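Please look over the sequence and the structure first.

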Amino acid sequence: MYRKRTLSLDEYNSLTKSIGELTESECRLNKYINKHFNELPYHGIVDLSQNAAVSKATIGRFLNKAGFTGYAAFRRALDTTLSENKISAPFEKNIRQRNKSTITTEHIVGEFTHRVSSLFAGFKNSININNLNEFITLVLNDQRHIYAVGPSSSHAMAIHFCTLLKYFRSNITLLPTDISELPKCLMDIKEDDVLVVFSYYRFNRVALNIAKWFRKKNANVVLITNSEANPYGKFCELQFVVPSDAQSIFQSRIIGFFFIELILHLAYEKGDSEGNFAQLEELFEFFETFSAS
């Protein structure tokens, strides 16, 4: 039996290699676990069963072969790993970093600029081009209604995305996280529709339930986040994890905004339609929207 408190992906794969030849359902389960390993602490056994299209009994037998007494023991090891590697909240960072030696503003500016610059290199090296192309295809299909949501500080990214995307296409809705208003916005969701979730750690229950609702309606869910360990994976088809650790008190959102503008630039370069540019300009002129410029 597996006796360590934590479990890495490499350790998991080492355990499964000793099982020998896998059945078709075990192969399907093993493939799902590998793909969603960092998200599994947020999966119940029912989630895993449904998403991997295997029975709960298959999960139990497979994990028993791998050295666990069952799914609960497997989850405990994953939970411990997650708790030891999770992103720190600002409050926790503030407590740790409060006593600092005196350093100059010039030094801080230089260090922070260097750290933020490294985030761009990390993004370029990690982005999945195939997933990016799939996302652009969804965005450019104007038969699909696009919904976006962003709780807390991620709300600014959702606003930015919706505001600029309206230049390219119509049928865009920015969803509220006010649960008294939210149901009115979710009445006519169709299978071809798309939900884009902007959600940085720490995660919001309302946004998570919105993703769950869209999944229930067989719509497409796309996630932009800063943590591979997140509760949304079981609901989304596409997931983009962007780097955010600039070793500052707050997780940086700069790559999130950069990603949005990259999506908009790709939509412009790859799209064939004229979009709403002329119509919006006519409306701006009529209402003197930018008359002070």
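**Surface, fold and pockets**

M187 is exposed, with a relative accessible area of 62%, which is above the cut-off of over 50% that the word exposed requires. The model is a predicted one, and its protein chain holds 13 helices and five strands. Of the 293 residues in that chain, buried residues make up 41%.

**Overall dimensions and the setting of M187**

- Along its principal axes, the C-alpha trace of the protein chain spans about 70 × 55 × 40 Å.
- M187 is placed in the loop between helix 10 (182–185) and strand 3 (194–198).
- Taken from C-alpha to C-alpha, M187 and I59 are 36 Å apart in space, and in sequence the two are 128 residues apart.

**The nonpolar surface patch**

- L283, F286 and F287 together make a nonpolar surface patch of about 370 Å².
- F287, one of these three residues, lies in the segment after helix 13 (277–286).
- With a relative accessible area of 57%, F287 is exposed.

**The largest pocket**

- The volume of the largest pocket is about 1,200 Å³, and 41 residues line this pocket.
- Among those lining residues, K35, E39, E228, Q239 and V241 lie nearest the centre of the pocket.
- At least two residues of the lining are supplied by each of helix 2 (24–35), helix 5 (71–85), helix 7 (105–126), helix 8 (129–140) and strand 5 (238–241).
- Divided by class, the lining of the largest pocket has 19 nonpolar, 14 polar and eight charged residues.

**The second largest pocket**

- The second largest pocket holds about 400 Å³ of space, and of the 16 residues that line this pocket, D47, L208, K212, K234 and F235 are the closest to its centre.
- Helix 3 (45–52) and helix 11 (205–216) are the elements that give two or more residues to the lining of the second largest pocket.
- Helix 11 contributes seven residues, the largest share of that lining.
- The lining of the second largest pocket comprises six nonpolar, four polar and six charged residues.

Definitions and conventions: Residues numbered from 1 in each chain as written. Predicted model: local features only at pLDDT ≥ 70, side-chain atom pairs only at ≥ 80, totals over all residues. Heavy atoms only, no water. Patch = residues over 30% accessible without salt bridge, like charges linked within 9 Å, V, L, I, M, F, W, Y side chains within 5 Å. Areas by Shrake-Rupley, 256 points an atom, 1.4 Å probe, with all protein chains shown as cover. Salt bridge = Lys/Arg side-chain N within 4 Å of Asp/Glu carboxyl O. Helix = DSSP H or I, 4+ residues; strand = E, 2+ residues; numbered from the N terminus. Buried < 20%, exposed > 50% of the residue type's maximum accessible area, 1.4 Å probe, protein only. 1 Å grid on protein atoms, 1.4 Å probe; cavity = no way out; pocket = protein on both sides within 12 Å on 5 of 7 lines; lining within 4 Å. Points joined across faces, edges and corners; volume = space filled by probe spheres on them. Nonpolar A, V, L, I, M, F, W, Y, C, P; charged D, E, K, R; others polar.
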